[in-house]
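My notes are below, in the order I went.

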Amino acid sequence: MNAIPMNDPRQFQFDLPSNSIPPAPLNEVIHRRAWAAAPLSTSPRENPDIELIVIHATAGSTTDGAVSVMAEGRASFHWAVPGPSEAEHEAFVWACAPETRAAWHVRNSCCHSAICAGARRLNHRSLGIEIVNTQRGAPFTEWQITATAEIIRYARAKYPHLRHVVSHARLDPVRRTDPGHYFPWTNLMERALSI
Ligand SMILES: [Zn+2]
């Protein structure tokens with residue numbers, strides 16, 4: 001049997017301890033097309049502090065597909081974690097927008113009582129990660145989960161106010177289900193907290 005437990009992505013959240021950890025370098029490469037689009041698909045931050053990371057999945061099978069949305073000025077995110085059909089898988093993550101800018105990955109009206117005391121306009125307090133996955137049952141790879149945990153560790157070391165790691169579905173439960181029922185949230189949490 002190859003049973004994958006069904007999870008409810010609207011429940012995906014874990015909080016980070018407040019102790020500081022040593023700097024954790026990130027194996028990232030700037031995605032030129034995304035970076036070039038970032039000035040027109042991100043905003044100056046209204047809040048100085050990064051308080052949460054939002055986990056997304058693309059619903060497509062390529063980084064370029066996700067980056068096209070940025071190039072069209074419709075949405076944006078800070079990192080893309082390549083999928084198993086891409087050459088960069090098991091090599092590095094793509095940096096797609098400057099962390100100093102607010103990316104457009106959560107609707108401004110979205111909020112949750114367990115996150116930033118119910119604040120809205122969460123893009124201004126967050127970093128967004130897009131993980132390349134079709135969300136049609138193809139498993140997320142071990143490398144993708146490790147790479148995502150490493151982004152969380154990097155950000156935790158860099159941003160002392162970072163507290164929450166949440167799914168897009170938790171913040172926008174009516175419209176969004178990503179990163180999806182097949183995402184191994186417990187696995188991500190354990191890796192992010194153990195390193
Ligand atoms: Zn999303």
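**Entry 1: the zinc ion.** I kept in mind that this is a predicted model. I started by asking which residues coordinate the zinc ion. I found His56 through ND1, His168 through ND1 and Asp178 through OD, at 2.1 to 2.2 Å. Along the sequence I wrote the donor spacing down as H-x111-H-x9-D. The two histidines come from distant parts of the chain: His56 sits in strand β4 and His168 in helix α4 (residues 168-171), 112 residues apart.

**Entry 2: the two histidines.** Next question: are His56 and His168 buried or exposed? His56 has a relative accessible area of 2%, so I put it down as buried, the cut-off being under 20%. His168 comes out at 6% relative accessibility, and therefore counts as buried. I also looked at what the side chains do with each other, and found a polar contact between those of His168 and His56 at 3.1 Å.

**Entry 3: around His168.** I listed the contacts of His168, leaving out neighbours within four places in sequence. I got Val54, Ile55, His56, His105, Val106, Arg176 and Asp178. Two of these names, His56 and Asp178, I already had as zinc donors.

**Entry 4: the largest pocket.** I wanted to know what volume the largest pocket has. The value is about 590 Å³. I noted 27 lining residues, with Ala75, His105, Glu130, His168 and Arg176 lying nearest the centre. The elements that give two or more residues to the lining are β4 (52-57) and α2 (63-71). Of these, α2 gives the most, with three residues. By residue class I have eight nonpolar, 12 polar and seven charged in the lining.

**Entry 5: Trp94.** Which residues is Trp94 in contact with, leaving aside neighbours within four places in sequence? I wrote down Val29, Ile30, His31, Thr63, His78, Trp79, Ala80, Pro82 and Glu88. I also checked Trp94 against Leu193: the two are 99 residues apart in sequence and 22 Å apart in space, C-alpha to C-alpha.

Key: Residues are numbered from 1 along each chain as its sequence is written. This is a predicted model: local features need pLDDT of at least 70, side-chain atom pairs count only at pLDDT 80 or more; totals for chains, interfaces and linings use all residues. Side-chain values use heavy atoms; hydrogens and water are left out. On a 1 Å grid over the protein atoms alone, a cavity is a set of points where a 1.4 Å probe fits but cannot get out, and a pocket is an open set with protein on both sides within 12 Å along at least five of seven lines; lining residues have an atom within 4 Å of a point. Grid points are joined across faces, edges and corners, and a volume is the space filled by probe spheres set on the points. Helices (H or I, at least four residues) and strands (E, at least two) are DSSP runs, numbered from the N terminus. Ala, Val, Leu, Ile, Met, Phe, Trp, Tyr, Cys and Pro count as nonpolar, Asp, Glu, Lys and Arg as charged, and the others, Gly among them, as polar. Donors are N, O and S atoms within 2.8 Å of the metal (3.2 Å for Na, K and Ca); water is not among the atoms, so sites may look incomplete. Buried means under 20% relative accessible area, exposed over 50%, partly exposed in between (1.4 Å probe, protein chains only). A polar contact is a pair of N or O atoms within 3.5 Å; within protein, one must be able to donate a hydrogen and the other to accept it, and residues adjacent in sequence count only if both atoms are side-chain atoms. Contact means heavy atoms within 4.5 Å.
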